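Subject: Structure handover and notes

Dear colleague,

I am passing on to you the structure that follows, together with my notes on what was found in it. Please read the notes with the structure open beside you.

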Amino acid sequence: MKEMVNQHMERVTNQLFHMQNETVSFILHVMQNGHIEQVYYGKPLDDLNDEEINYLVTTNNKSAGTVKFFEDDGAFTLTDHPQAYPVYGSSDFKEGAIELTRNQEVYYPDFRFVEAFYTKGKPRNLAHPATYADENESETLTIKMSDDERKLELLLNYTLFKGSPAIAQSQTLTNQSTSDLQIQRMLSGVLNLPTKEYTFTHFSGAWLKERAIKQRPLEQGIVAIGSLKGASGHQHNPFIRFTHQTATLNSGEVYGMNLVYSGNFLAQAEVDEWDKTRAMIGIHPSQFLWNLSAGESFTTPEAILMYSDTGTNGLAKHFSYLIENHLMDRKWRTLPRPIVFNNWEATYFDFNEEKLLSLADIGKSLGMECFVIDDGWFSHRQNDRSSLGDWTADPAKFPQGLGRFAKNIKEMGLQLGMWFEPEMISPDSELLKNHPDWVVRHPYKRISVGRGQYVLDFSNPQVVEDIYQQMVKIIDETNLAYIKWDMNRNITEAFSSYLAENHIYQQEFFHRYILGVYRLYEKLLTTYPDLLIEGCAGGGGRYDLGILFYSPQIWPSDNSDALARLTIQSGTLSGYPLSSFSNHVSASPNHQVLRHTSLAFRQDVAMFGPLGYELDLLALTENEKQQIKERIRFYKKHRQLLTHGDFIQLLPNDPSDNEVYWGVFNSDKTEAIIGYYQKTALPNPATISYLPLTKALKEDSAYQINEQEILRGKILMSVGLKKPRLFNGANHATYQLGGDCQSFIYHLKERNINSYEDI
Ligand code: DGJ
């Protein structure tokens, strides 16, 4: 990283802050009113001379029709400036990032620059999800601002990481006055773009169709997505992207934002009357308030800003790098993710230890590595109407005890995983009888029920502690390696009797709830640092960077249909790493959409990322067992590439396209695995056609394809990869793919060649 400061903390005197490395420049400037503007974020500019600095920061005229900031300066107005942490109400009428009140009195904060510091490194702290880095891997610029009239201090924190164009941004507000004040809105990340020439992309959908790519051009006004469900939600994901009109898959400028948070969020872009864009992300201000007593501080969750000058693939690659190296626990980059068998779709609630052991036996013989018991192992849970909160094994299902069962699994050479839904409580549970006040419910008589269950009040530390103690007993008894942490309903009638008793504002509930969730994660991972906790929320209802900080993988959707997964995975992979979600091969017809697909297609889709199986192994034919064995053998050989390789979309991934074409490449481009998928069969397709491999390989190398022909990189990149022969109504003897839901996997391996004749 260029210009890393030498001392641990250095006082900054300059009024321009230029954070830079070989991938990016990010420039902040103290304006004449003492506020900060975000002048530039883009290609690296190297060191700037005075003339260049002036060029960047000078605004000569006040835009017509605006209000001026100073009585004696007719030209200065905030609305002309890309405010780094925007305030509303003093010469800028766009939505601001921060809103404060004191007992109904509205503040118009006036934070002015005091000083700034650079700090090296950023420790990982399990108490709060955020990025982290070693001392030589990052520098954080902290700008101290003060509002003297209202006695407030605001710290703006920006971290730049070695080799990455990411900026991690957060803010801390301290109340230095002698009375309480209320934070009505305090967002996390701000990105200013000089034009509106961008497409706004977000991942949206619903249960069974999470994170589909949606896009629209920016236009004057506000476009916003968010969640008020108490979780980031199935409907919208906190990742947003701004793709310049001239950008493509592999070229051009693209920006992204995401939030390291799992609760209610807002992500929006406002285009003003001069076509300038202000994007912001943070905790959703609706249903939020935080009372800041005298002397107290509040820190926002962290936002990630990202820049790419290599198109949307470049942006995805930068996000993947950041998430795997500076957000998730790094050990998961090298520890192999186990190939899981999960019994959910194989048995649902209908199982006992004997059945589970027979499934485990077959799973082991096919090469699976971790046996996960899903929902239904505890108390008297026969369906989804009871027992959540009572985390003791059902003696009818485990007559020899859970400990004995766990030993059997271990003796087979398998790891054990178990399902929990720690945040929930069933009306029919001992926990509810003993602690009726632990449920999230308003004193009103009526309470909404979702999936037959209520939500536990995780804003109450005693509740978190109780659930933790229950989980500890099970983890110790079973020597558990893996937990699937599910969360199947959202919060309604938010009200906490704990907060009421402690005279804490009820509007703090949603944020305190998520802090309770993080507290449980923190406790579990402090006691069991090697535990692999897979996140899940009725599938992908809480797929965000807050959860990925603790859980290196998330179950991305309850929809295990391979065709639907093409869309879900394509969307997800535009902003998250391959290693961040698990894919299970399930039965045909599929249980969520009743579609019939071949085992080959299901395995070809599932193998990109951590792999698992979730179908009734007892019903497999010998031929199917053979196919699974072979695929697992292949997967194990290439697991590192398939979970941590550089993922590239080789065709634009519009969900309505009939073809999907993606690949993973190792970092030195010596090996690649490429998947080609055709959703529906087309009549009389071209007999020979090629799939683009632009920029994906090394020109001067040669590659062997599926252990057969060897071709130079130059040929493959210029001509393309020959498509499998599609059935065209006449080529009965020679076609490779025919019918709907077809796939073809290419394995490319660099081969040494000394001369052209060697090929
Ligand atoms: C929803 C999850 O997403 C499923 O995989 C399964 O674990 C069920 N809950 C169990 O209730």
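In which loop is the place of aspartate 486? Aspartate 486 sits in the loop between E27 and H9, and I begin there with the caution that this is a predicted model.

**Annotated positions**

The UniProt record, an unreviewed entry, places the feature "active site" at Asp486 and Asp558. Although these positions span 73 residues in sequence, no two of their C-alpha atoms are more than 11.2 Å apart, so they gather at one spot. Aspartate 558, for its part, is found in the loop between strand E29 (553-554) and helix H12 (562-572).

Under "binding site", the unreviewed UniProt entry lists Trp207, Asp374, Asp375, Arg451, Lys484, Trp485, Asp486, Met487, Asn488, Cys536 and Asp558.

**The largest pocket**

The largest pocket has a volume of about 660 Å³. Its lining is made up of 30 residues, of which His128, Ala130, Ser170, Thr299 and Thr300 are the closest to its centre. At least two lining residues are supplied by each of strand E8 (138-147), strand E9 (152-161), strand E10 (167-175), strand E20 (297-299) and helix H10 (509-527). Sorted by class, the lining comprises 12 nonpolar, 15 polar and 3 charged residues.

**A pair of helices**

Helix H5 (residues 353-366) and helix H14 (residues 622-637) have axes that come within 9 Å and cross at roughly 55°, and the two helices are therefore oblique to each other. On the H5 side the contact involves Ile362, Ser365 and Leu366, which meet Lys625, Ile628, Lys629 and Ile632 in H14. The residues of this contact divide into 4 nonpolar, 1 polar and 2 charged.

**Backbone details and one further loop**

Two places in the backbone are worth a look while you have the model open. The peptide bond that runs from serine 588 to proline 589 is cis, with omega near 0°, and proline 589 belongs to the loop between strand E30 (583-585) and helix H13 (599-606). Glutamine 104, although it is not a glycine, has a positive phi of about 75°, and this residue lies in the loop between strand E5 (98-102) and strand E6 (105-106).

Lastly, glutamine 506 is located in the loop between H9 and H10.

With best wishes

Key
Residues are numbered from 1 along each chain as its sequence is written. This is a predicted model: local features need pLDDT of at least 70, side-chain atom pairs count only at pLDDT 80 or more; totals for chains, interfaces and linings use all residues. Side-chain values use heavy atoms; hydrogens and water are left out. On a 1 Å grid over the protein atoms alone, a cavity is a set of points where a 1.4 Å probe fits but cannot get out, and a pocket is an open set with protein on both sides within 12 Å along at least five of seven lines; lining residues have an atom within 4 Å of a point. Grid points are joined across faces, edges and corners, and a volume is the space filled by probe spheres set on the points. Helices (H or I, at least four residues) and strands (E, at least two) are DSSP runs, numbered from the N terminus. Ala, Val, Leu, Ile, Met, Phe, Trp, Tyr, Cys and Pro count as nonpolar, Asp, Glu, Lys and Arg as charged, and the others, Gly among them, as polar. Axes are lines fitted to C-alpha atoms, for helices over the stretch in contact, and angles run from 0 to 180 degrees between N-to-C directions. Angles under 35 degrees count as roughly parallel, over 145 as roughly antiparallel, 65 to 115 as roughly perpendicular and the rest as oblique. Contact means heavy atoms within 4.5 Å. UniProt positions are given in the numbering used here, feature names are shortened, and annotations may be inferred rather than shown by experiment.
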